[in-house]
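Open the structure in your viewer and keep the selection tool ready. Each stop names what to select next and then what is there.

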Amino acid sequence: YKHTRDMTSLLELEGMEFHSNHGCSEEERKQGNHFIVDFMSELDIARAAASDDLKDTVDVAEIHKIVAREMQQPSRLIETVAARIVRAIEKRYPRLEHFSIRVSKQNPPIEGGKAAWSRITVDGGCAC
């Protein structure tokens, strides 16, 4: 393999669905809620494009496993969940320079109001 040019691209895994028990109230943690998690990364795909080998890129099936594992651990805040996912991905892919995780919670309980989603997006990646 000879790296001849940068092929920076956007790799995404969108719409990972989970029923998880995250929330500030006891009722939320007991009943759970519907969550959507999105992964987006910028990476150079030149090596993977040339080799056609999964080991030369980010394995989205592995990303899903990491997200699923972290979504199973109840937390009070979606900020905590997103930060845990980011740390786990950074540990598995230490050379991944930039990525983000977005955690969306459907119908968050809002006193006196209604909202379709609450969301947090957290950036991760090495400072290479």
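**Stop one: the aromatic pair**

Searching the whole structure turns up one aromatic pair. Select Phe 39 and Phe 99: the ring centres are 5.9 Å apart and the planes meet at 35°, so the pair is tilted. (Rings of Phe, Tyr and Trp, the last by its six-membered ring, pair with centres within 6.5 Å; planes under 30 degrees apart are stacked, over 60 edge-to-face, the rest tilted.) Phe 39 is in strand β2 and Phe 99 in strand β3, so the pair ties together parts 60 residues apart in sequence. Phe 39 counts as buried at 1% relative accessibility; Phe 99 is buried at 0%. (Buried means under 20% relative accessible area, exposed over 50%, partly exposed in between, with a 1.4 Å probe and protein chains only.)

This is a predicted model: local features need pLDDT of at least 70, side-chain atom pairs pLDDT 80 or more, while totals for chains, interfaces and linings use all residues. Numbering runs from 1 along each chain as its sequence is written, and side-chain values use heavy atoms, leaving out hydrogens and water.

**Stop two: Asn 33**

Stay in β2, residues 33-44, and select Asn 33. Buried or exposed? Asn 33 counts as buried, at 14% relative accessibility. A polar atom of its side chain lies 2.8 Å from the backbone oxygen of Gln 106.

**Stop three: helix α4**

Select residues 78-92, helix α4. (Helices are DSSP runs of H or I, at least four residues; strands are runs of E, at least two; both are numbered from the N terminus.) Its buried residues include Ile 78, Val 81 and Ile 85.

How values were computed
Polar contact = N/O pair within 3.5 Å; in protein donor to acceptor, adjacent residues only side chain to side chain. Expected span 1.5 Å × (residues − 1).
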